[in-house]
Amino acid sequence: MKIISAASALSKKMKIKIKEKLYELTFAVLAFSSLAFLVGIVIVLFREAMPIFEKLNIGDLVFGRFWYPTYDPPEFGIFPLIIASFWVSLGAMLVCVPLGIGSALYINEIASKRQKEIFKPLVEILASIPSIVYGFFGMAILAPFLQGLLGIPIGLCAFTASLTLGIMATPTVTSIAEDALSYVPRSFREASYAVGANRWQTLTRVVVPAAGSGISTAIILGMSRAIGETMTVLMVAGGAAMIPGSPFDPVRPMTAAIAAEMGEAPVGGDHYHALFAIALILFVITFVFNIAAEFVSRRFRIKLGLSG
Amino acid sequence: MRRNITEKIGFGIVSVCMWITVSFLFLIIFFIAVKGIGVISWEFLTSQPRNAMTAGGVAPAIVGTFYLVVGSMMFAVPLGIATAIYLTEYSPKSYVLNLIRISINNLAGVPSVVFGLFGLAIFVKFLGFGVSIISGSLSLGILVLPLIISAAQEALLAVPQSIREASLAVGASKWQTIKKIVVPAAMPGILTGVILSIGRVAGETAPILFTAATFYIKGYPDSPFSEVMALPYHIYALMTEGSHPEKQTAIAYGCCLILLSLVLIVSGIAIYMRKRERSYHHA
Amino acid sequence: MRDESTVKMRAEKVNFYYGRQQALKDINLDVLSNKVTAIIGPSGCGKSTFIRLLNRMNELVPNTSLTGRILLDDKDILDRSIDAVEIRRRVGMVFQKPNPFPKNIFENISYALEVNGIKDKHYIEDRVIESLQKAALYDEVKTRLHESALKLSGGQQQRLCIARCLSIKPEVLLFDEPCASLDPISTRKIEELILELKKDYTIAIVTHNMQQAARVSDFTGFFLMGELIEFDRTETIFKSPGDKRTEDYITGRFG
C-alpha cells in the first residue's frame, strides 16, 4: 500500500514537472512566430519575385527608366518608382523632422506638467489616425486648397503627398525623440546650469547632443515609415510613373504602384512578379533603415548607461 | 544679454512647432467633422448602399470592419501574450531573446502593403482561403502582432518581482505563478495594448486590399470565407472608383468621420486607461 | 553552545557567486529547531543572499553559481533531483517589503493553499482564518476579508504575508528583513509574533537592526563581506563577542 502511494506520488510529481516543461516549450514555440513571419515574408517576396529576375537582368529592372507594365511589349523599369518614393519621403522629412523634434523639445523642456499631460496624448492621438484618413484629407481637402493657393496645375502631386506624409510622420518622430530626451540624466542639466548656462544653452549644447543618437533613431524611423506608407501616397501623389522634375510633378511611389496594380495584375504573370520585385526592394530598403535604427539606438542606450 | 534673446527666439520656434503639430490634429478632425456630420444619420449607419454606391448607408462596411477586427484579435492577442510571457517570464538565453526581439522590431517596420502581399501569397492562394475575412484577419493580425507583444511585455515587466517571489515562496510552480498572479496583475496593461491595436487594425487598408476587401457585396458576409466591405477600403474605393465622384465624396466624408470617431474613441480610452494604470503603479 | 535542540537546517562550506564575484565564502552555519537564528551584518555582507539559499530563491537570479551543501533534516536540498517547489513548501519566506498579491485578503491566503493542491472549500476557509489568527491579524480584518489586500497598512500587509506563509504549514520560516519598511509599532508587533511563532516553527531572520536581533533571537551570526565572522548564542555575541570585527560592528564603529 505504502509503496503504491509513494509511486503514485512520484508519478504525480513527474506529471507536474512534465506539464511545466510543456508549457515552457509551447510558449517558446509561439514566441518564435514573429521570427517565422519575418522569414516567411522574405521567402514569399523572393519566391514570387524570382521569375522576373530570371527574365530580366537585375540592372535593367532596378535602373530601367520606364514603368509600362501593361504595354505590349511591357517595360518593367522600377527606377522612377524608387526615385518617387525617395522624392516624396525626403520632402516629408523636411516637414516632420523640424516639427517633430521641435515638438519633442517643447514637451520635454518648456511644457509644464499640466501641458505635458495634454500635449503628449494629443501627439499620440495624431499618431493613431489611420493612413486612409490622411489620404482622404490630402485628396479631398489639402490638394484642392494647395492647387488654388500655389497656382499649380495638379493638386495631387509629390508636394502635396510630402506634406500629408510629413504631417503623418510627425508624431512618430515626436514620440521617439521625446523618449530620447527624457532619458538624458538630470545630472547633465544640473551640471550645465551650475556653470551658469541658461536653459537654451543647456538644451542645445548638452541635452540634445546627449540625446543625439536617440533623435537620429527617431529620424530614421520617421523616414522608414514615410517610405513604407501606402494609402496616403496612393491617393495623393498623383500616380504618374515617371521620374519627377519638380516637387509639383505627380509621381508613383513603390507602395502606390503595388497597391494600385496588384488587383489587376494576372496572378503568375510578369507584371505580378514585377510587383513582388518592387515589394522586395521596398522591404530591403525599410529593413536597412530599421536595422540602422536598432544599431543607433543601441549605441544610445549604451552611451547613457541604460540597459536592454 | 544676447544669449537671453537667443533663448527667447529658440523657445519661440520650438513652441510654434508644437502648436503646428497639434493644430494638424484639430484641422483634420474639424474638416472631416464639418463635412461629414451632415451625411451621418441612423439610416446611413444601418442600411445597405444603394444606386451604385451613390446613396444609402454603409452598414456592411461597419460590420465588415468589426469582423476583421475580431478575427485579427482572435489570432494576434493569444499569440502576442504568449510571446510576451516567454520573453519576460521564462528569461530565455540572451541570443534567443535578441533574435526574437530583433524579429519583432523588424516586423513592426515592414510596410503595411507588404503584409497584404504576404497574405495574398500565403492565405489567399497557398492555403486557399481566397479573398476572405479570414485571409484579411490573419494579414492584419501579423501586422499588429508587434504592437501587442510590446504592450504585453511592458505590462508584464511592470508586475513587481516581489509578488512573483511571494507566489514561488508558498510553493506555487512557475506556471501557476504566471497564470494566477502575473497575468491577472498585468491584465489592465495588456488590455490597453489590445484596445490600441483595435484602433490600428480598424483603420488599416493596405493589408486588406488584396486579401479581404471588396467595394460591394450584397447583404452581409455569412462565413469567414466570404469577402467583406470595410470602412477604410470603402473610403478609398469611393474616392477612386465609380462614376459619380460628387455623390461618392459626400459618402466618403461620412465614412471617414465614422472611422475617425471610432479610432479617436478607442485610442482615447486606451490613453486614459494607461494613465490610470501608471498612477496606480506609482501609488 | 549547543543545547538539547536538534539541527533543522545546516549550511556546509557554502560558496556563492554572482558571475565571477564571490558573494559568500565558505559558510558553515546551523539553524536549530524551535529557535530563532538571527543573521546580522552591514549592507552588502551577503546576509540576504545567504537566507535566500535556504529555500532556493537564489535560482531566480541568472548567472549565479553555488558550491557546498545545505541540509534540511540531514538531506541536501541543493540536490538537483529535489524540486525547488517542494523545498519552498517546507521552508517559507517573508520578504523585506510586504508583497501581497493584488487580490483580496482571503484570496491572498487561499491562493497558497490552492496551488498546493487543496480543493476543499470549507477546509480552505478554516485554514485561512486559522492562519490569520496565528499571524495576529484576524481581529483587524475579519469584517473585510474580501477587500483588496493593497488597502491594508504596511504592517498589516506584512502580517498577511506571514499568515500566507503559515497557511501551508511550513517547517521553517525565513524572514528577510521583515521590518525594513515598517514603523516602530508595526515592527514591535512583528517581533512579538516571531517570539510566539518560535514555539511551532524554526525561524531564521536577517536584520540590519541589532536591537531587533538581540530582542528576538536565540543565536546570532555576524556576516562581513561574504564571510561568517562569528556565530554564537545571541547573549554571547552581544555581551562578549570573540572577534574584534564583531565588537566593532555591535558597538557601532562601522555599519
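This is a predicted model: local features need pLDDT of at least 70, side-chain atom pairs count only at pLDDT 80 or more; totals for chains, interfaces and linings use all residues.
Local features require pLDDT of at least 70 and side-chain atom pairs pLDDT 80 or more, while totals for chains, interfaces and linings use all residues. Residues are numbered from 1 along each chain as its sequence is written, chains are lettered from A in the order in which they are written, and side-chain values use heavy atoms, with hydrogens and water left out.

Chain B contains ten helices and two strands. Helices (H or I, at least four residues) and strands (E, at least two) are DSSP runs, numbered from the N terminus. The order of elements from the N terminus is α-α-β-β-α-α-α-α-α-α-α-α. The C-alpha trace of chain B spans about 70 × 70 × 35 Å along its principal axes. Of the 283 residues in chain B, 58% are buried. Buried means under 20% relative accessible area, exposed means over 50%, and partly exposed lies in between (1.4 Å probe, protein chains only). Contacts (heavy atoms within 4.5 Å) were also sorted by sequence separation. Among those in chain B with a separation of 6 or more, 73% join residues 24 or more positions apart.

The interface of chain B with chain A was examined next. The size of an interface is often given as the accessible area lost when the parts come together. Chains B and A bury about 7100 Å² between them, with 78% of that area on carbon and sulfur atoms. B:Phe11, B:Met18 and B:Trp175 supply 9% of the area that chain B buries against chain A, more than any other three residues. Buried area here is the accessible area (1.4 Å probe) that two parts lose on being put together, summed over both. The contact draws 81 residues from chain B and 78 residues from chain A.

Polar contacts also cross this interface. The rule finds 13 residue pairs in polar contact between chain B and chain A, both residues being at pLDDT 80 or more. A polar contact is a pair of N or O atoms within 3.5 Å; within protein, one must be able to donate a hydrogen and the other to accept it, and residues adjacent in sequence count only if both atoms are side-chain atoms. Elements giving two or more residues to the chain B side include α1 (2–36), α8 (174–203) and α10 (245–282) of chain B. The largest share, 21 residues, comes from α1(B). By type, the chain B side divides into 55 nonpolar, 19 polar and seven charged residues. Ala, Val, Leu, Ile, Met, Phe, Trp, Tyr, Cys and Pro count as nonpolar, Asp, Glu, Lys and Arg as charged, and the others, Gly among them, as polar.

The structure holds 34 salt bridges over all chains. A salt bridge is a side-chain nitrogen of Lys or Arg within 4 Å of a carboxyl oxygen of Asp or Glu. Four salt bridges lie between chain B and chain A. One salt bridge joins B:Lys275 and A:Glu117, N to O at 4.0 Å. This pair runs from helix α10 of chain B to helix α5 (residues 113–128) of chain A. A:Glu117 is partly exposed, at 42% relative accessible area.

Within chain A, A:Glu190 and A:Arg186 form a salt bridge at 3.4 Å, N to O. The two residues are separated by about one helical turn, because they are four residues apart in helix α8 (residues 186–194) of chain A. A:Glu190 is partly exposed at 44%, whereas A:Arg186 is exposed at 60%.

In chain C, C:Asp73 and C:Arg90 form a salt bridge, with the closest N and O atoms 3.2 Å apart. The pair links distant parts of the chain, 17 residues apart: C:Asp73 lies in the loop between β4 and β5 (75–76), and C:Arg90 in helix α2 (residues 84–90). Both are partly exposed, C:Asp73 at 36% and C:Arg90 at 25%. C:Lys8, C:Asp73, C:Arg90 and C:Glu171 are linked in a network of salt bridges.

C:Arg56 lies in the loop between α1 (47–53) and β4 (64–72) of chain C. C:Arg56 is buried, at 8% relative accessibility. Its side chain lies 2.7 Å from the backbone oxygen of C:Ile77 and reaches that of C:Ile82 at 2.9 Å.

No disulfides (pairs of cysteine sulfur atoms within 2.5 Å) occur in the whole structure. For B:Cys17, the nearest cysteine sulfur, that of A:Cys96, is 12 Å away. B:Cys17 is buried, at 11% relative accessible area.
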